[in-house]
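Okay everyone, today I want to talk about aromatic rings. Have a look at the structure while I bring it up.

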Amino acid sequence: MGFNVNIDKVIRIRPDTLQGLKSKNLDEILLQKEVPMDINSIESFILCLLSAIEGGKADEKLIVAEDVCDWIENTFVVDEIKIGGQAGIMANLLTKLELADVLLSLPVYDASFVGLLHDRINIPFESNGKCSVQPITKLQGFEKKRFIHYIFEFDKGIYYLATSNSIECLRQNRFIASHDTVNSLLEIKNCFKKYSLENIQKYSIAIVSGFHLLNPEMQDNTTYYDIIAPIISMFKEWKKTNPDLKIHLEFAATRDKELIKAIFQRLLPLVNSIGLNEQELLSILETTNVTTYKKLRKEMSSVNLFEGILNIWVKYPHLRIHLHYLGYYLTISSRLHEKHAIKRKQALILSAVFAAVKAKNGSICSINEINNVLCSVSKSGYEEIEGLLSFLKSEYKSIDEIEDGIMSTDSFTVIGIPTIIVKSAQQLVGVGDTISVLALLLEN
Ligand code: GLC
């Protein structure tokens, strides 16, 4: 599991929280429509936050000016400090649920991870020139670097501003502002590289993430391709030693089109599976297929979402693509054997149950918690899946309905399930990661 692990400081935005945002140019900020790529001032931070709330969108931006962090710390109340980064979140989850033996690439040895990372996670660590795996509590020689991500969680509702205006949010979601000097260069310890390669035969799945944080501006004469190059070699070496290894790449909100292009062109050919949400799909399509992008932006329907993932799949037919959306999940891959397709569908259903626990309680503490989930399946999600199935029947001659929600043509299999709706979720950060990792693991 690698490569992004960081600290998440969760800040809950309440209806009156934004009244405290006193900026000279708030009126002007409210009129701006274009959100900046990075946060380089307090004003740009406010603009990004307000536009995420107004759009009810899951977004993430990099803070490139350190004083913005000080301002955030002095302006908001931090409600909770948690492990962050997909790699950290997923490693904790799988270890806690005793679902897998996890080897984690920890990019920096920092004392603040102790107590947040599960102590049964294996972390390659070098001491006296020897590489071995150790729990987080046994690591020594801690370094001090900055890798704080502020998670602004907001509910559906009206938010009052310091001006006489207010903004309305139509969907509960979260906005992330990250100041990260470690994960932005995708740091990987040499010891992890060495240990993972020597032991890769023991592992069946590699889950990789964190590419969205890359920022070449943090180092002279570096490009996205330079940062990604060592990862590509590592993947190739892993696969050479263990050809059965499945590599899953989890997407996140990626702010730069150039970076999306680099991920799309260089990494997707090497991985077996990807997980993403609708916003992440939109940003990929914006750089790879503008017509499909525009259609999806206009109408977020199951047919348009399917066409979006189909578009990626046609370019990379070796991929299993898992899209998670509010109300339903869709997967596409090359045609599956019936038994495998049913297993994938069951894995998706179980991951939806776990995601409901995570959303409802903020975290999952034990496998038994799935017994307490109210299984109220999304009605609109169900209808969307039905709509997609009739579309597929009319569009593809060779279509075969294997089972409710499973359709195969000669070349691909699509699976769609409605998910569970949790009214007023506790916390949304990490729900997408939970869905992706559990669906993948339970299928294998
Ligand atoms: C992104 C963020 C990280 C957060 C994670 C949740 O990786 O950078 O802060 O914990 O998403 O999925």
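So, which residues form one aromatic cluster here? They are Phe-45, Trp-71, Phe-76, Phe-152 and Phe-175.

Before going on: this is a predicted model, where local features need pLDDT of at least 70 and side-chain atom pairs count only at pLDDT 80 or more, while totals for chains, interfaces and linings use all residues. Residues are numbered from 1 along each chain as its sequence is written, and side-chain values use heavy atoms, with hydrogens and water left out.

A pair of aromatic rings is described by the distance of the centres and the angle of the planes. Rings of Phe, Tyr and Trp (its six-membered ring) pair if their centres lie within 6.5 Å; planes under 30 degrees apart are stacked, over 60 edge-to-face, and the rest tilted.

Searching the whole structure turns up 16 aromatic pairs. Take Phe-76 and Phe-152: their centres are 5.2 Å apart with planes at 70°, so this pair is edge-to-face. Phe-76 sits in the loop between α3 (66-75) and β3 (80-84), and Phe-152 in strand β6 (residues 147-154), 76 residues apart. By the way, helices (H or I, at least four residues) and strands (E, at least two) are DSSP runs, numbered from the N terminus.

Buried or exposed? Phe-76 is buried at 6% relative accessibility, and Phe-152 is buried at 0%. Buried means under 20% relative accessible area, exposed over 50%, partly exposed in between (1.4 Å probe, protein chains only).

Next, Phe-306 and Phe-391: centres 6.5 Å apart, planes at 65°, so edge-to-face. Phe-306 is in helix α10 (residues 302-315) and Phe-391 in helix α12 (residues 379-395).
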